Amino acid sequence: MESAPASQAEALNALFAEADRLQQEVHSQNPEMICHAGCSFCCEHHGSPITYALEWQGIEALLAQDAAFTARVKARFETLKQGLRQNLKSGELVSLREALFETTCPFLEDRRCSVYAARPLTCRTFGNTRLFADSAPDNWQEIYSCSMEKERWEKQLKMADAPPLNLPPRETLFQTLEGLDGKPASSLLVFLERYFAHATP
Ligand code: SF4
Ligand code: SF4
């Protein structure tokens with residue numbers, strides 16, 4: 001895949017830095033959050049995040065510079081595909097869409113993200129943003145997160161002395177990303193499939 005112009009890559013890095021800054025701000029204001037380094041439940045169970053081509057380039061660069069790492073990702077990806085095929089065949093999962101949504105991300109290593117610095121905006125915003133800029137800030141159903149963190153937000157909001165929630169809107173960050181990329185998003189696993197099909201021996 002052709003690499004992005006420097007200005008585009010810099011703009012993406014600035015967007016990632018802003019998403020990370022917002023994430024840290026939310027965590028410091030809400031120390032009781034379950035979301036923290038080491039909780040990899042979403043990577044284990046919803047590990048096919050929405051990814052843009054521009055974001056994929058950063059992950060592809062990490063793969064290209066480390067053959068041993070690439071081999072580990074490839075092995076996990078092959079195992080994952082075998083499992084998905086079996087589940088689809090046995091009827092345990094009814095569609096590829098469902099299978100992809102429920103899968104473990106092949107970049108998860110020892111319960112940590114192995115491409116953390118280049119992880120997609122989807123991963124950076126999951127658990128610490130609300131969906132839309134115009135959604136009520138205190139509506140826990142609109143929080144972009146896993147069910148256990150949503151449940152915790154709901155309980156927190158019911159407490160009499162609960163401070164108002166101040167989560168940044170995910171939509172605003174993604175509008176910036178879409179403006180930078182210009183191409184439709186795909187799944188991280190689709191990029192990975194193409195990479196192993198075309199870029200490696
Ligand atoms: S979103 Fe949920 S599963 Fe993912 S890291 Fe946060 S608490 Fe864990
Ligand atoms: S890219 Fe990293 S953070 Fe995102 S789902 Fe995969 S392991 Fe988790």
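Predicted model: local features only at pLDDT ≥ 70, side-chain atom pairs only at ≥ 80, totals over all residues.

## Helices and the overall shape

Counted over the protein, the secondary structure comes to nine helices and six strands. The radius of gyration is 18 Å, close to the 17 Å that the globule rule gives for 201 residues, so the protein is as compact as a globular protein of that length.

Along its principal axes, the C-alpha trace spans about 60 × 45 × 30 Å. Of the 201 residues, 28% count as buried. Among contacts between residues at least 6 apart in sequence, 77% join residues that are at least 24 apart.

How far apart are the end C-alpha atoms of α3? They are 16 Å apart, which agrees with the 16 Å that its 12 residues should span at 1.5 Å a residue. The buried residues of this helix are Leu54, Glu55, Trp56, Ile59, Glu60 and Leu63, and they pack against α1 (6-29), β1 (50-51), α4, α6 (121-125), α8 (170-181) and α9 (188-198).

Ala61 and Leu22 are 39 residues apart in sequence, and their C-alpha atoms are 26 Å apart in space.

In soluble globular proteins, nonpolar side chains tend to be buried together. Here the largest nonpolar core has 17 residues, and those with the most contacts inside it are Ile59, Leu188, Phe191 and Leu192. Helices α2, α3 and α9 each supply at least two residues of this core, and α9 gives the most to it, with five residues.

Leaving aside neighbours within four places in sequence, Ile59 is in contact with Val115 and Ala118. There is also a second, separate core of 11 residues, which includes Leu15, Leu54, Leu177 and Ala185.

Helix α4 has 24 residues and reaches 35 Å from its first C-alpha to its last, close to the 34 Å expected at 1.5 Å a residue. The helix is followed by Gly91, whose phi is positive, near 85°.

Phe69 lies in α4, which covers residues 67-90. Is Phe69 buried or partly exposed? It counts as partly exposed, because 16 C-beta neighbours lie inside 10 Å. Not counting residues up to four places away in sequence, Phe69 touches Leu63 and Ser114. Phe69 and Gln82 are 13 residues apart in sequence and 20 Å apart in space, C-alpha to C-alpha.

## A loop with positive phi values

Most residues other than glycine have a negative phi. In the loop between β2 (108-109) and β3 (112-113) lies Asp110, and its phi is near 50°, a positive value in a residue other than glycine. Arg111 lies in the loop between β2 and β3 as well, and its phi is near 65°, again a positive value in a residue other than glycine.

Asp110 is exposed, because 6 other C-beta atoms lie within 10 Å. Arg111 is also exposed, with 12 other C-beta atoms within 10 Å, a count that still falls under the heading of 12 or fewer.

## The surroundings of the two ligands

Which residues surround ligand 1? They are Ile34, Cys35, Cys39, Phe41, Cys42, Phe126, Gly127, Ser145, Cys146, Met148 and Glu149. The elements that give two or more residues to this shell are α2 (41-45) and α7 (147-158). By class, the shell around ligand 1 has eight nonpolar, two polar and one charged residues.

Ligand 2 is surrounded by Cys43, Gly47, Pro49, Cys105, Phe107, Leu108, Cys113, Val115, Arg119 and Cys123. The residues of the shell around ligand 2 divide into eight nonpolar, one polar and one charged. Val115 therefore links two parts of this account, being in contact with Ile59 and also in the shell around ligand 2, where a residue counts if its C-beta atom lies within 6 Å of the molecule.

Definitions and conventions: Residues numbered from 1 in each chain as written. Chains lettered and ligands numbered in written order. Nonpolar A, V, L, I, M, F, W, Y, C, P; charged D, E, K, R; others polar. Helix = DSSP H or I, 4+ residues; strand = E, 2+ residues; numbered from the N terminus. Buried ≥ 20, exposed ≤ 12 C-beta atoms within 10 Å, placed from the backbone. Contact = placed C-beta atoms within 7 Å. Expected span 1.5 Å × (residues − 1). Core = buried A, V, L, I, M, F, W, Y, C linked by C-beta atoms within 7 Å. Rg over C-alpha atoms; globule rule 2.2 N^0.38 Å.
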